[in-house]
Amino acid sequence: ISENKIGIKLCIKKASDATVQPKKPIRKRARKPRSLNEDSSDETSPEKRNRRSEKPRKTNNNTEKRSAEEEYKPPEDQSVWANDIPDPVLYMIFKNVVQEEGSLPALIRLSRVCSTWYKMSQTSSLWRTVDLGTWVKDRFKTEPRLKWLIENRLKQATEVGLANWKVTNVQCVLDKLLEAAPGLTSITLTGWKALSSDHLLFLVQNFKNLQSLDLSSVNAEVNANKTAVGQTSLCNAITEMGSRLTHLHLAHNRLGGIPQIVKALSTHCPNLLLLDLSNVNTVAISHGILHIEQLQHGCQKLKVLRITNSHVNLSTASLQEQMESPGFPELEELSVASLADEARLFNDEFLQRILKTSTKLTLLDVRGCARLTHDSLIRLPTWDLKHLFLSGCSINRDMGAGLELIASKWAHSLIEFDLAWASATKPLDDALKALADKGSESPLKYLNLCGSSVSLEAVKEVLANCPHINAINLASCRGLPRGVKRLLQGAQEIAELRENLGVTLKCAPGSQSALTSPRDT
């Protein structure tokens, strides 16, 4: 211990009997001088010693392809598509492509053909529907790049997707967007964590034509009182937009005051077409009450309602209120799928209250709703349902004839049918046979039987009688032989499946009238 008693001194001595190994001398190979005679055939000549380096170097196919691409030179004479085609005709071709596929990635791909196409792709009037959230890689989603795109590409844009861009100075970006595209009708701000209530108010007040607003995943890093999806902020924005609001996305947020938000929508937004409340958490149970009858009175034009996996529960309503409610006569899509925690909330009564007058429904997603029974689905007023998802539903475990009745009701119109993890073999087989009974009139294209107890005979029946089927999921099906228990999609794989199972298609695919058959009376 040291004298000041704050440390320890250590003295390490080499042992006397330790032997030190002598270092081995480094042997350097002496270089022999070059031979003066270049034509010498001596073995020690550099030409002999460097034979290996003179051998041709082996390259793989990728290297050869890369070198070929680098050596490629464009032809001096361009085709008629570059030089001889008039600009108005080329513009109309580009315009038709953009209308079908959107500005991105179509214009980027077209601009790489030649210089003439590159100049045409920069025309501002072609950049109207631009999704910069999907077609731009995350590492390029920076604020300076976004400002450049707004100033140089979005001058006449009407629909802009800016999902998950890393923006800190939100007000500056909104000012540039207002200057470049004041006629904006739709904007997607998914993942803009710095978006506040002041920014949202500026957005709805200055963009006079704005109709669609996507505010998904925006309230993670902002104070609850200043977030753009707070109760006061949303109610003010809804009131300001009024009847021009048609699409509102609030998915993946922590919301408070859903009753007040629904009241504002029903009071000021009669033209609302889409409301997305998927994966919404609430501040408290009282904040997650959805007054569906109130929404039905104020938003009768609603076509899409999504409450997927959300902590939202329907309010209690008297029998008189339910009778006086007009329902959603224009509703086409309803998604109430939920996980195990929320599955207990949705029952037959809630489904009937929402779909009491929805005769135009084409998509219904009730996956995971354990309290639903087949009676509520059979009593639905819709007759032309095209997409039905029942995975994890209690209907798949019912031993009665409910599943067969459901399949029989919509066999003439179902394009996509999800029966994954259905455990009752006989009801499932009867339902598939009901679909197969339609023969060439069946428009069925996608069938999900993953994890179900379907029998091999029922699968053969569907493959033999449903000519339009394009994908079938047989993964983890216990009653099927090995080699077919997987997802098969595409005409080639379906044909191979029929061949492996010894199934012959009884009827060739019919005309398009089979896909749009009239309502089965």
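Q: Buried means under 20% relative accessible area, and exposed means over 50%. With that in hand, is Cys 477 buried or exposed?
A: We're looking at a predicted model here, so take the value as computed from that model. The relative accessible area of Cys 477 comes out at 0%. That is under the 20% cut-off, so Cys 477 is buried.

Q: How many disulfides does a search of the whole structure find?
A: A pair of cysteine sulfurs has to be within 2.5 Å to count. For Cys 477, the closest cysteine sulfur belongs to Cys 450 and sits 6.7 Å away, which is too far for a bond. Searching the whole structure gives a disulfide count of zero.

Q: What about Cys 114: buried or exposed?
A: Its relative accessible area is 12%. Since the limit for that class is under 20%, Cys 114 is buried.

Q: How are helix 7 and helix 8 oriented to each other?
A: Helix 7 covers residues 143–152 and helix 8 covers residues 170–180, with the axes 9 Å apart. The packing angle is about 15°. Angles under 35 degrees fall in one class, so helix 7 and helix 8 are roughly parallel.

Q: Which hand does the crossing of helix 7 and helix 8 have?
A: Helix 7 and helix 8 pack at an angle of about 15°. As for the hand, the crossing of these two helices is left-handed.

Q: How many charged residues are in the contact of helix 7 with helix 8?
A: Helix 7 brings Glu 143, Leu 146, Lys 147, Ile 150 and Glu 151, while helix 8 brings Cys 172, Val 173, Lys 176, Leu 177 and Ala 180. Sorted by class, six of the contact residues are nonpolar and none is polar, and the number of charged ones is four.

Q: How do helix 17 and helix 18 lie relative to each other?
A: Helix 17 runs over residues 425–436 and helix 18 over residues 456–465. Their axes come within 9 Å and cross at roughly 10°. With the cut-off at under 35 degrees, that makes helix 17 and helix 18 roughly parallel.

Q: How many polar residues does the contact of helix 17 with helix 18 have?
A: From helix 17 you get Asp 429, Leu 432, Lys 433 and Ala 436, and from helix 18 Ala 458, Glu 461, Val 462 and Asn 465. Four of the contact residues are nonpolar and three are charged, and the polar count is one.

Q: Which residue does a cis peptide bond join to Leu 104?
A: Omega for this bond is about 0°.

Q: What is the positive phi of Asn 279?
A: Asn 279 sits in the loop between strand 7 (274–276) and strand 8 (281–282). At 26% relative accessible area, Asn 279 is partly exposed. Although Asn 279 is not a glycine, its phi is about 55°.

Q: And what is the positive phi of Trp 421?
A: Look in the loop between strand 15 (416–418) and helix 17 to find Trp 421. Trp 421 is not a glycine either, yet its phi is positive at about 60°.

Q: How far apart in space are Leu 200 and Asn 236, C-alpha to C-alpha?
A: Leu 200 lies in helix 9 (residues 197–206) and is buried at 1% relative accessibility. Leaving aside neighbours within four places in sequence, its contacts include Leu 213, Ser 233 and Ala 237. Leu 200 and Asn 236 are 36 residues apart in sequence, but their C-alpha distance is 9.4 Å.

Key
Residues numbered from 1 in each chain as written. Predicted model: local features only at pLDDT ≥ 70, side-chain atom pairs only at ≥ 80, totals over all residues. Heavy atoms only, no water. Buried < 20%, exposed > 50% of the residue type's maximum accessible area, 1.4 Å probe, protein only. Axes fitted to C-alpha atoms, helices over the stretch in contact; angles between N-to-C directions. Helix = DSSP H or I, 4+ residues; strand = E, 2+ residues; numbered from the N terminus. Parallel < 35°, antiparallel > 145°, perpendicular 65-115°, else oblique. Left-handed = near helix turned anticlockwise from the far one by under 90°. Contact = heavy atoms within 4.5 Å. Nonpolar A, V, L, I, M, F, W, Y, C, P; charged D, E, K, R; others polar.
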